[in-house]
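I opened this model to look up its sheets and how their strands pair. My entries follow in the order I made them.

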Amino acid sequence: MDQDEGLTAVDNIVTQFNTYEDFLDSQITTVDLYYLEDESLARQLVELGYRGTGEIVKREDFEARKAAIDIARQAERTQKKTLTSAGKELHDNFLKALAMREEDNRAGKLSTVIFIRDRNSHGQEVSGYIDYAHRLKSEDFEVYFNGKRRLLPRTTDMSFYNWDSHIAVCNSSPNYQVIADNPEGLLFKYKRDRKILNVDPKAHPGDNSTRIPIQTDLYAHAVLFDHVSRRKT
């Protein structure tokens, strides 16, 4: 039995029984109890491998896997609770698309770059590229998903341009390095796998990346770029 099969067997046992003693009891037959006349002794013999009707699992392995599975379940429950889009009745395609990607961006399974072009509260046309995962960690998206505010590019995002004042700003984020001096246009390098994301609508977005235009009533123009990292962690 290889390591993966061993872990699977232990996981099956751990999820089936609440305690190690419950597992030991399941391995004891009525014949064992008849001859031994001592439940504690019968458990000890099963634990040592002298008695039992199935898989031999050490106490430390059982308890270690039990703790690991409990931690994973708790983390999953916590992750679901922290989703700001959960339970919201979303009508616009843009917010629906962000909600679909929120959990994976928080978990690092997916990295989404958001392009938005629209007018700000001063009536100025602005556009820019937003690192969705970074913004999720640095601010509360509750106000966006409940419709109290609109998500707009900021001067602190990966790219920001004010078409009226001609202010242009680029910033690398925790997830992306901005390559602004490329003659063919703006590029973003994903730091985990070093893959290049090309946001030029006429070019291919790059390896493991997808460009998704969003039909939305909230913005003049909105596009999502999804990147899936293939780097093993």
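In what order do the six strands of the open sheet stand? I noted first that the model is predicted. I then read the order as S4-S3-S2-S1-S9-S8, and the pairing is antiparallel.

Next I looked at the edges of this sheet. Strand S4, residues 167-170, and strand S8, residues 209-213, stand there. Each has a single partner strand, so one side of each lacks a neighbour in the sheet.

Strand S1 covers residues 111-119 and strand S2 covers residues 125-131. I found the two running antiparallel, joined by seven bridges.

Which strands form the open sheet of three, and in what order? I read S5-S6-S7, again an open sheet, with antiparallel pairing.

The edges here are strand S5 (176-179) and strand S7 (196-198). Why is one side of each left without a neighbour in the sheet? I put it down to partner count, because S5 and S7 each have a single partner strand. For the twist in this sheet I noted an average of 30° from one strand to the next.

Last, I went through the pairing of S6 with S7. Strand S6 spans residues 187-190, and three bridges link S6 to S7 in the antiparallel sense. In this pair I looked up Phe188, which stands opposite Leu197 in S7.

Methods:
Residues are numbered from 1 along each chain as its sequence is written. This is a predicted model: local features need pLDDT of at least 70, side-chain atom pairs count only at pLDDT 80 or more; totals for chains, interfaces and linings use all residues. Side-chain values use heavy atoms; hydrogens and water are left out. Two strands pair if DSSP finds at least two bridges between them. Helices (H or I, at least four residues) and strands (E, at least two) are DSSP runs, numbered from the N terminus. Axes are lines fitted to C-alpha atoms, for helices over the stretch in contact, and angles run from 0 to 180 degrees between N-to-C directions.
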